[in-house]
Amino acid sequence: MTSASAPDPLLAMQTNSTRRWPPLVSRLLRSSRLQPPQLRQAHALVIKVGLDLLPFPVGKLIAAAAAVADAPYARSIFDRVPAPCLFHYTALLRSLSLARTPAVADAFSIFSSLRSSSGVAWDQFAFVPTLKVCARGLALRAGQQLHCLVLKLGFLLYVNVRNTLIHLYCRCGRAADDGRRMFDEMPQENDAVSWSALMNLSHHGSEALHGYCIKSGHYSALNVATAVAAMYAKTKCMDSAAMVFDATKGKDLVLYNCMVDGYVKSGAIKDAFALLARMKDEGVKPNSATFVGLLSACASSGAVVVGRHIQEHIKEEGLELDAVLGTALVDMYSKSGCLDEAIKVFDGMVGRDVQAWTAMITGLGVHGRAEAALQLFRRMEDEGTRPNEVTFLSVLNACSHGGLVAAAKECFERMVYRYGLSPKMEHYGCLIDLFGRAGILEEAHELIRSMPFEGDAVAWRALLAACRVHGNVELGEVAQRTLVSLGDEHPSDVILLSSTYAAADRWADIEQLGSVGADNAMEKKKAGRSLIEMDVPGLLPTTIMGD
């Protein structure tokens with residue numbers, strides 16, 4: 001029996017853990033490579049060593065969930081806190097502000113709970129994420145209610161609150177009145193972020209805002225100049241953006257990236273490459289964001305030679321193949337027909353996220369590797385990455401291309417029952433197309449009728465095309481009549497139904513359809529065009545288009 005004076009070894013171990021583990025957990029949660037699987041591992045560690053009742057680690061867990069935009073997980077942690085403090089509330093509100101879908105009602109519920117909590121002193125940091133949720137959700141009225149509370153409690157003195165209000169009004173289309181009025185009320189305290197908030201979101205009066213910026217003396221601030229350049233780049237006024245760029249001293253990476261992205265979106269790829277060379281000459285080291293836009297342009301145009309040149313740039317700069325950059329390369333190589341190179345990039349990536357997995361699954365699917373796409377999906381789940389709606393759409397597309405009916409049904413059910421995701425029209429469309437290809441026409445018809453929203457013309461037209469292939473006249477007639485009732489008639493519909501009648505030797509029915517299909521079938525199609533990419537040594541690769 002342990003004597004009364006002897007120390008309790010369990011208590012000593014817990015006390016030692018309490019001192020030892022918080023710094024480790026804090027470093028782990030602040031890691032730039034933190035992903036949802038690592039977050040859950042950190043949470044398990046916190047519980048295992050007995051830190052789950054301490055406010056510091058729990059608050060850090062909620063903040064980390066916010067950093068990876070996992071609002072449901074942040075809320076599940078928050079709900080288990082017996083007496084949440086201000087840090088817990090603001091971390092949860094921040095997670096809602098970063099969520100894929102802005103949940104205005106949830107944010108207001110948390111904010112109201114904070115207001116009614118006795119003994120919790122609150123500050124301006126509770127307003128900022130709540131206002132951001134309103135801005136993302138275009139909830140102007142809700143934002144105005146918060147504005148009234150800000151005025152009542154005196155938090156308008158804080159520049160970050162004022163900047164977020166400017167952002168809200170600009171996002172909600174009130175830049176010219178409420179946003180500008182908010183900006184002008186206290187001009188002596190507005191900082192460069194205030195200018196950026198007003199200019200980045202204003203689509204009208206660009207030259208006037210630019211002139212006002214110069215007149216008021218804020219033009220020398222680098223982030224103000226960046227905001228002006230971004231404003232011109234958004235409207236594809238790259239000559240004006242270049243004028244601002246050239247006049248700015250001490251250019252940083254953000255300004256360079258803004259210009260590179262602007263040139264890419266304006267179709268001026270050579271100018272974007274020229275700017276990359278200028279960055280190198282001026283000693284500005286690029287990052288992932290510098291190359292992502294260029295790779296996206298290569299993926300859209302199939303310019304794989306240019307994409308390879310960009311990958312060489314990436315290697316020369318010694319950049320880590322992170323999730324953002326790796327996903328862009330996987331997407332580019334997959335869309336350019338270079339699946340093996342895409343797989344090689346994917347295997348060499350650091351910290352794959354859901355977008356990276358989805359890009360690789362998509363690439364396998366469009367190249368007819370349906371089984372490989374399914375295996376990769378299962379591996380994704382095994383490694384702890386939660387799929388989203390886009391991931392399931394990629395898997396269903398792969399199943400459709402590969403004719404995997406059973407696997408597609410299982411995937412669809414998994415999406416709904418395991419992950420609680422709501423299928424969109426695109427998900428139903430994949431199944432309908434697959435059922436049509438497999439000849440399961442009645443099942444395809446029943447699926448269209450059971451959808452929670454009215455079937456669109458694409459789904460019915462896919463069914464009509466399947467009826468032609470498999471000779472189902474009666475169902476083909478139903479599909480064609482439905483297309484007429486939807487007001488989405490197309491000449492191809494009559495042609496498809498005529499072909500269905502012809503396969504069944506029902507020539508009288510073809511005559512009743514009239515000559516609309518025949519007349520449209522004789523219309524001359526536009527000539528096809530080919531793209532040939534040429535890689536001339538010493539020059540930027542060019543694309544030649546011909547008939």
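Helix α24 (residues 405-418) packs against helix α25 (residues 425-438) at an angle of about 160 degrees, their axes 10 Å apart. That angle makes α24 roughly antiparallel to α25 (a term for angles over 145 degrees). The crossing of the two, α24 and α25, is left-handed, meaning that the near helix is turned anticlockwise from the far one by less than a right angle.

This is a predicted model, in which local features need pLDDT of at least 70, side-chain atom pairs count only at pLDDT 80 or more, and totals for chains, interfaces and linings use all residues. Residues are numbered from 1 along each chain as its sequence is written, and side-chain values use heavy atoms, leaving out hydrogens and water.

Who meets whom between these helices? From α24 come Val-405, Ala-408, Lys-409, Phe-412 and Met-415, in contact with residues of α25 including Tyr-428, Leu-431 and Phe-435 (contact means heavy atoms within 4.5 Å).

Next come two spans that UniProt, in an unreviewed entry, lists as "repeat: PPR": residues 252-286 and 353-387. Such annotations may be inferred rather than shown by experiment.

| Span | Helix | Strand | End C-alpha atoms apart |
|---|---|---|---|
| Residues 252-286 | 74% helix | 0% strand | 10 Å |
| Residues 353-387 | 74% helix | 0% strand | 10 Å |

Helices here are DSSP runs (H or I) of at least four residues, and strands (E) of at least two, numbered from the N terminus.

Finally, look for Val-350 in the loop between α20 (339-347) and α21 (354-366). The C-alpha atom of Val-350 is 5.0 Å from that of Asp-322, 28 residues apart along the chain.

How values were computed. Axes are lines fitted to C-alpha atoms, for helices over the stretch in contact, and angles run from 0 to 180 degrees between N-to-C directions. Angles under 35 degrees count as roughly parallel, over 145 as roughly antiparallel, 65 to 115 as roughly perpendicular and the rest as oblique.
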